[in-house]
Amino acid sequence: MNKKTQNPDQAKAKQSATQLLSDIQKKWASWMERKTSNFSHGTWYILLFILITVSIGFNSWLIYDSLMEREEQEIFLSNTKENENPTFDKTRLNDTLSNNRPADPLLIDQK
């Protein structure tokens, strides 16, 4: 087996970067623990409620905004030319998954 070996300098840099991220996470967690250690259960429930409410509101706005019909959000599709599609064969349709499907997904015959 050909196993890819790392340069010792790369391995050391990767290990030091991992250690640095781990140290930052530990410092952040201990700082947050100190700052929130005096919170009561009621305070935690209020903060959780606020977080959930803001998340629901923001995601609802994203869904609403994406579903609104606007002229500037039109998507135009163009057909490819035969010479630009190397897998196109005039005698039969080539497809990687099935021989029954057309090579161009935009050309679908509906009977």
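Q: What places F58 and W61 about one turn of the helix apart?
A: Both residues lie in helix α2, which covers residues 41–67, and they are three residues apart. A helix here is a DSSP run of H or I with at least four residues, a strand is a run of E with at least two, and both are numbered from the N terminus. The protein chain has two helices and zero strands.

Q: On what basis are these features reported?
A: The model is predicted, so local features need pLDDT of at least 70 and side-chain atom pairs count only at pLDDT 80 or more, while totals for chains, interfaces and linings use all residues. Residues are numbered from 1 along each chain as its sequence is written, and side-chain values use heavy atoms, with hydrogens and water left out.

Q: Why is F58 called partly exposed?
A: Its relative accessibility is 47%. Buried means under 20% relative accessible area, exposed means over 50%, and partly exposed lies in between (1.4 Å probe, protein chains only). F58 therefore counts as partly exposed. W61, at 48%, is also partly exposed.

Q: How many aromatic pairs does a search of the whole structure find?
A: The search finds three aromatic pairs.

Q: What makes the pair of W28 and W31 tilted?
A: The ring centres are 5.4 Å apart and the planes stand at 35°. Rings of Phe, Tyr and Trp (its six-membered ring) pair if their centres lie within 6.5 Å; planes under 30 degrees apart count as stacked, over 60 as edge-to-face and the rest as tilted. The pair of W28 and W31 is therefore tilted.

Q: Where do W28 and W31 lie?
A: Both are in helix α1 (residues 8–36), three residues apart, about one turn of the helix.

Q: Why is W28 called exposed?
A: The relative accessibility of W28 is 54%, so this residue counts as exposed. W31, by contrast, has a relative accessible area of 36% and is therefore partly exposed.

Q: What makes the pair of F58 and W61 tilted?
A: The centres of the two rings lie 6.1 Å apart and the planes are at 35°, so this pair is tilted.

Q: Why is S55 called partly exposed?
A: S55 has 32% relative accessibility and therefore counts as partly exposed. This residue lies in helix α2, and its side chain reaches the backbone oxygen of L51 at 2.9 Å.

Q: Is I50 buried or partly exposed?
A: I50 has a relative accessible area of 45%, so it is partly exposed. I50 is found in helix α2.

Definitions and conventions
Polar contact = N/O pair within 3.5 Å; in protein donor to acceptor, adjacent residues only side chain to side chain.
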